[in-house]
Amino acid sequence: MSKKIAFQNKAPENLLVALKEAQAKHGYLSQEFLVELADSLKVPVNDVYGVASFYSFLATKPRGRNVIKICRSLPCYLQNCQIIIETVEKELGIKPGETTPDGRFSFELTNCIGLCDRAPAMLINDDAHVDLTPEKIKQILQSYK
Amino acid sequence: MPQARVVLKNCGVIDPTNISTCLEQDGFKALEKARREMSPEEVISEVKVSGLRGRGGAGFPCGIKWEGARNSAGDEKYVICNADEGEVGMFKDRYILENDPFTLVEGLALAGYAIGARQGHIYLRGEYHYLLDLLRGAVNQARESDFLNGFDIDIQEGAGAYVCGEESALMESIEGKRGESRYRPPFPTVAGLWQKPTTINNVETLMNIPQIVLNGGGWYSQMGTERSQGTKVFSVSGDVARPGVYELVLGSPLRELVEELASARDVKLMQIGGATGRILPYDMIDTPLAFEHILGAGAVTVFDESRDVIDIVHRTMEFLAEECCGKCTPGRQGTEAMVEILERFCRGEGAQRDIKVMEDLAETMMLSSLCGLGQAAPFAVVDTLKYFRGDYERRIRGK
């Protein structure tokens, strides 16, 4: 019954919205936070974790201050995104799924981000970077502190 | 057949941050006309006459959808704009939003007027967060200019889940839940968002509405073929010299888009409609782009002679396995099994019986998946087994 009430009301009780806001504030969704949120919304923790883990933009583990998402879907693959991925790996010394030790960058591969006309492309945080070349990468990374 | 500008007529013409530049191009005239001269039923009737079918891939007749929601009982109804294009190779809605968010707002307001909804939602994919301010600005300017008039639009962002472009998963997501597809019936027009009657339309579908209302359904229905009226916006990418967004009258041959407009050379195959789309070999490039032939949501990815068919199919299936919501077994397990078999072919370790297994599995998925994405997931395998079977046979162990 309590679950029904929470889900039928719209924002701010909207679980996905609450999770996105929390992540914007804290960088990621900690286990403690998910439990607290479940309590306050009076829903089971697994409902909250279920939503948090469903969406690729939500993180349940700490991430770097800047999140790099390089597109690896077919249109970017055809424009040799592999060399962009390798350049970022070399520049940062980390593999996809990892975070630099100084916490400056996390690095992920992502599915199509809708910039196929300017491939290869990536997002850093919410910024789009297009027509990437290995030469451009260094410069772009420098602009994120 | 010619290029046309119905959906994209304001793109590059107006300033997307300034509503007055849109008003100079007849912006919001259709909405005013509808409210002044037409009953909601008359608006729906014009849309039915136009023959407009959904541009998100499924091609359901828009007017019939609206009529269903209009006739559903209840005074709380919703209209949703699906701006969650996540299909591989799709960026036409991004282009539309970047260039003409006002016409989308007008189209959604017209949908609200037609079905009797006071609340509209735009579900914008999270990857397009950089468009949020622009879109919000367009809604605010329309509101401040008194065009919304008792109708309100809320923008909600996705969070990086391809499956949320599927209409029932999208509604789950707006409600704050996991984006898992729903069982149907009931259909959204009866029980959609918050279990209320709802219509959900693609960005491009709604972009057509003001022109239909202004010029009449009869004007619109003259364009295109008998079963595919109007124009279609395509996003072309891959091995082409001029990737981009192009609008064509429906029924135009694929060749015009791929070779003439996007300047592709040495084409081997084309994937029409992204990861859940159909694959055509080059010798079928004269196929008309229409619902009765091949269309999808408008993504056209071109592959030249240097590309490996099995690699393309494998990457397509990997994408689908990762993005499947996991609710139904054919979608969840079927895509995983396909990936596993295709990996073997990539390594040159396929077995003859694998081909039969994939064919059987594809049929099961097409027949029994819960949503359109699962049903369409095996298309890349099915089509390449049909047109490029030799490529599979050469990868069978020992050959």
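Two strands count as paired if DSSP finds at least two bridges between them, and strands themselves are DSSP runs of E, at least two residues long, just as helices are runs of H or I of at least four, all numbered from the N terminus. In this predicted model, local features need pLDDT of at least 70 and side-chain atom pairs pLDDT 80 or more, while totals for chains, interfaces and linings use all residues. Residues are numbered from 1 along each chain as its sequence is written, chains are lettered from A and ligands numbered from 1 in the order written, and side-chain values use heavy atoms, leaving out hydrogens and water.

In chain B, strand 5 (residues 231–238) runs antiparallel to strand 6, and 6 bridges join them. Here B:K232 sits opposite B:L248 of strand 6. Both strands belong to an open, mixed sheet of 5 strands, ordered 6-5-9-7-8. Strand 6 (244–249) and strand 8 (278–281) are at the edges with a single partner strand each, so one side of each has no neighbour in the sheet.

Now for the meeting of the chains. Contact (heavy atoms within 4.5 Å) links 51 residues of chain B with 33 of chain A. The rule for salt bridges (a Lys or Arg side-chain nitrogen within 4 Å of an Asp or Glu carboxyl oxygen) finds 2 across this interface. A:R72 pairs up with B:E322 in a salt bridge, with the closest N and O atoms 2.9 Å apart. On the chain B side, strand 5 and helix 12 (309–323) are among the elements that each supply at least two residues touching chain A. Helix 12 gives the largest share, 7 residues.
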